[in-house]
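Hello,

Here is the structure I promised to pass on to you. Have a look at it first, and then read my notes below.

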Amino acid sequence: TLLLIAVQWSQIYWQWTDRSFLYSIGSLALLFLLQDAYFYGTHRALHLPFLYKKFHCMHHRSLVLNVWSSFSVHPLEKFIELLFYPLMICAIPLHPLVLMAFLFMSTTINFLGHSGYELKWHPKVKTLPLLYGATTVFHDLHHRSPRYNFGLYFTYLDALFTTEHPNYKNEFHKEVKTGQQSSPMPYLEYE
């Protein structure tokens, strides 16, 4: 990524005045949508039996999820994940602060997804994350049942491709109602 910027092959722009504030907000939102689609596709591919056994099973060996589980991945898998960034800086004009904000926010969301703790949602908005966002429960269910819940930030692709865990909404409501930590998940391999 830094090399692409240094040789000026990227579309990084340095002056805020080169684009509007609304463009910066829109480009940040676009990064989330694009990375979610990129992640869904690559993550689902990594669950193909031969790729799963060779690479992705390393991540699923985390018996009890915590923030360090986010980094428990095979180097090739991490390379595939990080390839998103050089692709984006070549495809979309981005300000470095937008890119850094995205890195910070996406890392924080990844930590929350692996934390084993669901956020305490206000009763009036507790269904909002079910409609749009991939919650901690969503990711916990993926670790318990690796055939489901491949999304990173959103659930729309899992809904579209029928890979959303059938008990996701019930599990989410149960966890939010009790306020208890997700139960530790055993390591599961494909049958």
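In what follows, two residues are in contact when heavy atoms of theirs lie within 4.5 Å. This is a predicted model, where local features need pLDDT of at least 70 and side-chain atom pairs count only at pLDDT 80 or more, while totals for chains, interfaces and linings use all residues. Residues are numbered from 1 along each chain as its sequence is written, and side-chain values use heavy atoms, with hydrogens and water left out.

Let's start with Ser69, which sits in the loop between α3 (49-60) and α4 (75-82); helices here are DSSP runs of H or I with at least four residues, numbered from the N terminus. Beyond its neighbours within four places in sequence, Ser69 touches His59, Ser62, Val64 and His114. With a relative accessible area of 3%, Ser69 is buried (buried is under 20%, exposed over 50%, partly exposed in between, with a 1.4 Å probe and protein chains only).

Next, the aromatic rings: the structure holds 15 aromatic pairs. Rings of Phe, Tyr and Trp (its six-membered ring) pair if their centres lie within 6.5 Å; planes under 30 degrees apart are stacked, over 60 edge-to-face, and the rest tilted. Tyr153 and Phe154 are edge-to-face because their planes stand at 65 degrees, with ring centres 6.2 Å apart. Phe154 also pairs with Tyr156, in a tilted arrangement at 6.2 Å and 45 degrees. Tyr153 is buried at 7%, whereas Phe154 is partly exposed at 23%, and so is Tyr156 at 37%. These three residues belong to one aromatic cluster, whose members include Phe32, Tyr38 and Phe84.

Enjoy exploring!

Conventions:
Helices (H or I, at least four residues) and strands (E, at least two) are DSSP runs, numbered from the N terminus.
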